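User: I would like to go through a structure with you. Could you take my questions as they come?

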Amino acid sequence: MIKRALVFAQLMTSVLLVVGLTVKPTTASDSPEQPNIIFFLADDLGWKDIGSFGSTFYETPHIDALAAEGMSFLQGYAASPVCSPTRASIMAGKNPGRMNTTDWFGAPQPDEVKNHWTRSKPMLPAPYLEHLPLEEVTIAEALKEHGYATFFAGKWHLGPTATYWPENQGFDVNIGGHDRGSPPGGYFEPYNNPRMEGKKEGEHLPMRLAEETSQFIRNNREKPFFAYFSFYSVHNPQQAPYLLVEKYGEKQKKLGLENTWGVEGERKVREVQNDSVYAGMVESMDLAVGKVMSTVRRLGLEEETIVIFMSDNGGLSTSEGHPTSNMPLRAGKGWMYEGGIREPMIIKWPGVTIPGSATKEAVISMDFYPTILEMAGLPLKPEQHLDGKSLVPLLKGENMDRGPLFWHYPHYGNQGGSPASAIRKGPYKLIEFYEDGGYLELYNISRDIGEQHNLVDKMPDKVEELYSELQQWKQEVGARPPSSNPNAGE
């Protein structure tokens, strides 16, 4: 049908030129059935780290513009409180608990903790798979089957060797994606990256990746494309351009934003956003988004390009520099509380989403796979995206009950979190912690976003209902549990 449309458009163009009129040539990407897709994935960006989601310190005008033009998902969740599992869930449309990709790739296996800081913890982590299996049909492969040009830039962290890197998972081009979860050379050239060499001294990584993404779009503007810009930002190390650090240092002083700290378990937790370097990293990321979107506009592709923005886990607030605050959410990266798994999420679908709209429906990162396919007018792959549900009804302004969400993180987070699983159903969230023989926490998220009031003793029937559903789900997907540590306390 698309080829017939192109032939017809070419004939009409010839006719109009004869009578003295000019028209823009129609290309495959002009077809509503094959829109272009740009997916921005941030790393370690907290739920309130952008302006449209509530930050008053960090400045993100370009991402805020996406929210003003699209739909914000106010209860958008990552599949895990750490990076690799969530990234795998986006690529495969499956829950990490089902794929056994439950920890960041490079974390210790249970037989390796003797040399790790968790060696005396009460539990041994569950064994996990350290790569995204090649057998999974990624969203890039699904789009490529239907003529999409596919591009990856940035952080991959889904396998230890090139066998599992983007070029072998459906991407025509891979700029910067390899095994590492943070930029080995930092955010300024030289990058020490096996999939990307620096081009000029002092080059800044986010802008370099934006330039590469923009070039790909220019090269493929005549056909449908999928550009997956997966930031290393704002993951440690904390580095930002000097002028931005200086800007936010002055802003911090002007606003009088002093450090305040709370406590989460054995860790202190930042309660105010005021770190000038982190703020510079956030704005640098936003500027990179702006550069790509400027390219889209200059090429006249804005109305036929779907844009998605998301983060892979919560903001880093309880360790490793504590660069941001997720308040009012509890805790942050590495924890099963809201601060570890709730993310800023935006989808702009020109001509469909109501500009500036928002939804409170709880959704999760596995949902991107079927959503993208349906937006592109392509057949779904229910045997692949087993845990994802298309969000197209929400994007069209219709009601939708996404159904329960599940998490399985049977590991100790570097940031202080302990092994846990969870279910979110309606307003209620039940967390099952595995330490000390197991214990439960129940929260009404709609009334208690900060998870301060454990309802386990007040609502035993709801606890029983959710706990039973969580156990049934774990059994269904084959989720691997942690085990008791024989060396606990030593």
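Predicted model: local features only at pLDDT ≥ 70, side-chain atom pairs only at ≥ 80, totals over all residues.

User: What is the strand order in the open sheet of 4 strands?

Analyst: The order is β13-β14-β15-β16, and the pairing is antiparallel. The edge strands, β13 (405–409) and β16 (439–444), each pair on one side only. From one strand to the next, the twist averages 10 degrees. Strands are DSSP runs of E with at least two residues, helices are runs of H or I with at least four, and both are numbered from the N terminus. Two strands pair if DSSP finds at least two bridges between them.

User: And over how many bridges do β14 and β15 pair?

Analyst: Strand β14 (residues 420–425) and strand β15 (residues 428–433) pair over 6 bridges, in the antiparallel sense. Lys425 stands opposite Tyr428 in β15.

User: Moving to helices: at what angle do α2 and α8 pack?

Analyst: Helix α2 (residues 61–69) and helix α8 (residues 276–298) pack at about 60 degrees, with their axes 7 Å apart. The two helices are therefore oblique to each other. Pro61, His62, Ile63 and Leu66 of α2 make the contact with Met285, Asp286, Leu287, Val289, Gly290 and Met293 of α8. By class, this contact has 7 nonpolar, 2 polar and 1 charged residues.

User: What cut-offs apply there?

Analyst: Axes are lines fitted to C-alpha atoms, for helices over the stretch in contact, and angles run from 0 to 180 degrees between N-to-C directions. Angles under 35 degrees count as roughly parallel, over 145 as roughly antiparallel, 65 to 115 as roughly perpendicular and the rest as oblique. Contact means heavy atoms within 4.5 Å. Ala, Val, Leu, Ile, Met, Phe, Trp, Tyr, Cys and Pro count as nonpolar, Asp, Glu, Lys and Arg as charged, and the others, Gly among them, as polar.

User: Which residues lie nearest the centre of the largest pocket?

Analyst: They are Gly265, Trp335, Gly416, Ser418 and Glu435, out of 19 lining residues. The lining has 8 nonpolar, 5 polar and 6 charged residues, and the pocket volume is about 360 Å³. On a 1 Å grid over the protein atoms alone, a pocket is an open set of points with protein on both sides within 12 Å along at least five of seven lines, a cavity is a set where a 1.4 Å probe fits but cannot get out, and lining residues have an atom within 4 Å of a point. Grid points are joined across faces, edges and corners, and a volume is the space filled by probe spheres set on the points.

User: How many cavities of 30 Å³ or more are there?

Analyst: There are 3. The largest cavity has a volume of about 70 Å³, and residues including Asp103, Trp104, His116 and Tyr412 line it.

Definitions and conventions: Residues numbered from 1 in each chain as written. Heavy atoms only, no water.
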